[in-house]
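Dear colleague,

Please find below the structure that I am handing over to you. My notes on what was found in it follow directly after.

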Amino acid sequence: DLIRRLERDEEFQGEVIHHHRNGTPVRVEVRTRPLRDADGTRTGWVASIRDISARRAAEKALRESEARIHRIADNAQDIIYRYRLGPEPGFEYVSPGATAMVGYTPEEHYADPGLGLRLIHPDDRHLMEGFRSDPEALTRKPLVLRWVHRNGQVIWTEQRNAVMCFQSYALWPHLTVRENVRFGLDVRGLARGERHRRVDDI
């Protein structure tokens, strides 16, 4: 595609494989555009080439890690879920254990963003009120709640929550995974020891 674009005097942006002098393949991001004189005749090209091998390797490692986590969660008897707060709230993942524990399938959770809140016993819902204003409040200690099974049975549950922030490695490709995780804590100005402790917990 790059060659065809160059032959047609068109701009190009995309990924291609270059080869290092030692023969090692290197994935790079290429951007090119033609240079033209006042008459519109092409006089040359301007191009930028950036090595994105590390970024792609990190993204691959992240995908493989998520796949391993899903395999574990899919076979757990507990409910493991990931809930998106915005821009449109909703469940992104619910483990199959939900069907046995509360009587609702993962697909029913995906179709109804408010189902999780309605499962909580009415007398315990006030415990979730601070979640919207302070999501990290739910991560400070386990949360004990009564849930109501689809058949009406009341069950006691203990939740352990973690706040997550997903980002593209295109934002800070020069940072390690640990540094990316710590970035938000750095911005908040937490003490060095506290920052490292929280990252270690993750």
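Two strands are said to pair if DSSP finds at least two bridges between them; helices (H or I, at least four residues) and strands (E, at least two) are DSSP runs, numbered from the N terminus. In S3, for example, the bridge partner of Pro34 is Trp45. Please note that this is a predicted model, in which local features need pLDDT of at least 70 and side-chain atom pairs count only at pLDDT 80 or more, while totals for chains, interfaces and linings use all residues. Residues are numbered from 1 along each chain as its sequence is written, and side-chain values use heavy atoms, with hydrogens and water left out.

The sheet

An open sheet of 3 strands has the order S1-S2-S3, with antiparallel pairing. S1 and S3 are the edge strands, each pairing on one side only. From one strand to the next, the twist averages 35°; axes here are lines fitted to C-alpha atoms, for helices over the stretch in contact, and angles run from 0 to 180 degrees between N-to-C directions. As background, strands of a sheet pair through backbone hydrogen bonds, either parallel or antiparallel.

S1 and S2 are joined by 8 bridges. Within this pair, His18 stands opposite Val26 in S2, and His19 stands opposite Pro25 in S2. The two strands form a hairpin with 5 residues between them, and Gly23 in the turn has a positive phi of about 95°. S2 and S3, which also run antiparallel, are joined by 9 bridges. Their hairpin has 5 residues between the strands, and Gly40 there takes a positive phi near 90°.

Which residues does Thr32 contact, leaving aside its neighbours within four places in sequence? Thr32 lies in strand S2 and counts as buried because its relative accessibility is 10%; buried means under 20% relative accessible area, exposed over 50%, and partly exposed in between (1.4 Å probe, protein chains only). Its contacts (heavy atoms within 4.5 Å) beyond those neighbours are Leu2, Leu6, Glu11, Phe12, Val46 and Ala47.

Helix H2

Helix H2 covers residues 53–74, which makes 22 residues. From its first C-alpha to its last it reaches 31 Å, close to the expected 32 Å, the expected span being 1.5 Å times one less than the number of residues. Arg55, Glu59 and Ala73 are buried in H2. Seen down the axis of H2, the buried residues fall within an arc of 50°, so they line one face of the helix; the arc is that of the directions from the helix axis to the C-beta atoms. The face turned away from this buried side carries the exposed residues Ala54, Arg71 and Ile72.

What covers the buried residues of H2? The cover includes strand S1 (12–19), strand S2 (25–36), strand S3 (42–51) and strand S5 (90–94).

The nonpolar cores

A nonpolar core is a set of buried Ala, Val, Leu, Ile, Met, Phe, Trp, Tyr and Cys residues joined through side-chain atoms within 4.5 Å. The largest has 14 residues, of which Val102, Leu145 and Trp147 touch the most other members. S5, helix H3 (97–102), helix H5 (115–119) and strand S6 (143–148) are the elements that give two or more residues to this core. S6 gives the most, with 3 residues. A second, separate core of 5 residues includes Phe12, Val16, Val28 and Val30.

Leaving aside neighbours within four places in sequence, the contacts of Trp147 include Ile79, Met101, Val102, Leu119, Gln153 and Val154. His109, in helix H4 (residues 106–111), counts as buried at 4% relative accessibility. With the neighbours within four places in sequence set aside, His109 is in contact with Phe91, Val94, Ala98, Val102, Tyr104, Leu115 and Leu119.

Helices H6 and H7

In helix H6 (residues 177–187), the buried residues are Asn180, Arg182 and Leu185, and they pack against H7. H6 is followed by Gly189, whose phi is positive, near 75°. Arg198 is found in helix H7 (residues 192–201) and counts as partly exposed at 26% relative accessibility. The C-alpha atoms of Arg198 and Leu185 are separated by 8.7 Å, with the two residues 13 apart along the chain.

With kind regards
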